[in-house]
Amino acid sequence: MSNQDYSVKQLFEMGACTNCQVCADVCPAVSASSEGELSAIYRMKGLNQVLKSRAGLFRRLFGKRAPSEEEWKRFSNTVFRCTLCGNCQEVCPVGIHLKDLWLSIRQDMVHSGHYPKKIDMIRENLAEDHNVFAEDNEERADWVEDMEDPPDDGYIKEQADIVYFTGCTAAYFPLAQKIPIALAEVLEKSDVDFTLLGEDEWCCGFPMLGAGLKEMFEVFMAHNLSVIREKGAKEILFSCPSCYEMWRSHYPEEFRIRHASQFLMELIRKDRVPLKRLDLTVTYHDPCDLGRGARVFDEPRDLIRAIPGVRFVELPNNRENCQCCGGGGNLEMVDPELSAQIAKQKIEEILRTGAEAVITSCQQCVRTMLTYVRRNKVSLEVLDVTQLIRRALRQ
Ligand code: SF4
Ligand code: SF4
């Protein structure tokens, strides 16, 4: 174990915490569980204790004892029961980069052996199958066969200007596969030439950083870069905000990258997507990685407003203040009950708007909210914005 998982900047930033507790007030894990120990401020205090207790300068200066096994367990419990939604960072008045800090702590906890057993499962799945769900990676593009009119080449081309990077969730979960199907059908209608990577697409790396497996991510990044170069592509298109945010923040700036909402809005502005009227009242849920992360707030809303007949009502907590759906940060794997409790809060907020459907721009948000809605027989439609556009497509 060591303090080398933290940058000097992070160590300085921690010292700036004023204990104001604003971060605890906006944390969905705290409000859903009523456990103050899940808050950013508690985690900051725990980290301070860990850093000071380690051998070296801190220990000599402060004479701190090492945390007991029980203390490690409590600290690990707060580190991994977090959706990495970034709401704490958004409101922190002294500007501490809390989300990066949460990733560094997870890295540290894995290096020092204090992590949930599920992390080993994530690591094994990725090492063996190159996706987080232990599915056969050769079946990554099998969703194409479920399209109304699948193309002969299955959208796997030798060369193309645009690569559509689908991501693990959309590739394998039937609830989420409707999103790449919808996007492919809209792209087809708009004459956009694109290719999939099929079995050559490996996980983008987001679950690895969330699990503290940074070294593994570097191998996956090198692979994905090399297969995209082989296609001769200039641009990568993402419908998953976490994949998009990974490429935006952690991959080299080699290709143009766009989220599907940005790409589709440009097509609509160029009159390449013929739309019919839909009679529907909707609200919009900003996915954490697309909104607070990549600051893409307008394009999904513009897409909704572009459809004639659709009435749009904002959630009380919207844009940078949007509350997480519970699906982020590998929380669903580590603590599915807490993830479902956060989803419950989200659905209750949505229902208060009177909307018939909640629109989002993320396959994981769709999966989390739809799972809750179906299990609890809630009368609410959950759609990705690509599915909404597909529904409004004039044939
Ligand atoms: S990232 Fe989200 S869930 Fe995690 S501590 Fe911050 S506000 Fe809470
Ligand atoms: S909001 Fe920032 S300054 Fe305030 S307690 Fe949380 S981490 Fe510290």
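Biologist: Helices are DSSP runs of H or I with at least four residues, strands are runs of E with at least two, and both are numbered from the N terminus. Before we use them, what kind of model is this?

Modeller: This is a predicted model, in which local features need pLDDT of at least 70 and side-chain atom pairs count only at pLDDT 80 or more, while totals for chains, interfaces and linings use all residues. Residues are numbered from 1 along each chain as its sequence is written, and chains are lettered from A and ligands numbered from 1 in the order in which they are written.

Biologist: Ligand 1, then. Which residues surround ligand 1?

Modeller: The shell is formed by Val26, Cys27, Pro28, Ala29, Ala40, Cys82, Thr83, Leu84, Cys85, Gly86, Asn87 and Cys88. A residue counts as near a molecule or strand if its C-beta atom, placed from the backbone, lies within 6 Å of it.

Biologist: Staying with helix 4, at what angle does it pack with helix 6?

Modeller: Helix 4 and helix 6 (residues 69-80) pack at about 135°, and their axes are 10 Å apart. Axes are lines fitted to C-alpha atoms, for helices over the stretch in contact, and angles run from 0 to 180 degrees between N-to-C directions. Helix 4 and helix 6 are therefore oblique to each other; angles under 35 degrees count as roughly parallel, over 145 as roughly antiparallel, 65 to 115 as roughly perpendicular and the rest as oblique.

Biologist: Left-handed or right-handed, the crossing of helix 4 and helix 6? And which residues meet?

Modeller: The crossing of helix 4 and helix 6 is left-handed, a term used if the near helix is turned anticlockwise from the far one by less than a right angle, with right-handed used if clockwise. Tyr42, Arg43, Gly46 and Val50 in helix 4 meet Phe75, Thr78 and Val79 in helix 6; two residues are in contact if their C-beta atoms, placed from the backbone, lie within 7 Å. This contact of helix 4 with helix 6 has four nonpolar, two polar and one charged residues.

Biologist: Changing topic: which domains does the domain assignment give?

Modeller: Domain 1 (3-111), domain 2 (118-266) and domain 3 (274-392), with bounds taken from an automatic or database domain assignment. The C-alpha centres of domain 1 and domain 3 are 29 Å apart, and 14 residues of domain 1 contact 16 residues of domain 3.

Biologist: Where does the largest share of the domain 1 side come from?

Modeller: Helix 3 supplies five residues, the largest share of the side of domain 1 that touches domain 3. That side divides into seven nonpolar, five polar and two charged residues.

Biologist: Finally, how does helix 11 pack with helix 20?

Modeller: Helix 11 (residues 174-189) packs with helix 20 (residues 363-375) at an angle of about 140°, the axes being 9 Å apart. That makes helix 11 oblique to helix 20, and their crossing is right-handed. Leu175, Ala176 and Ile179 in helix 11 meet Gln363, Val366, Arg367 and Leu370 in helix 20.

Conventions. Ala, Val, Leu, Ile, Met, Phe, Trp, Tyr, Cys and Pro count as nonpolar, Asp, Glu, Lys and Arg as charged, and the others, Gly among them, as polar.
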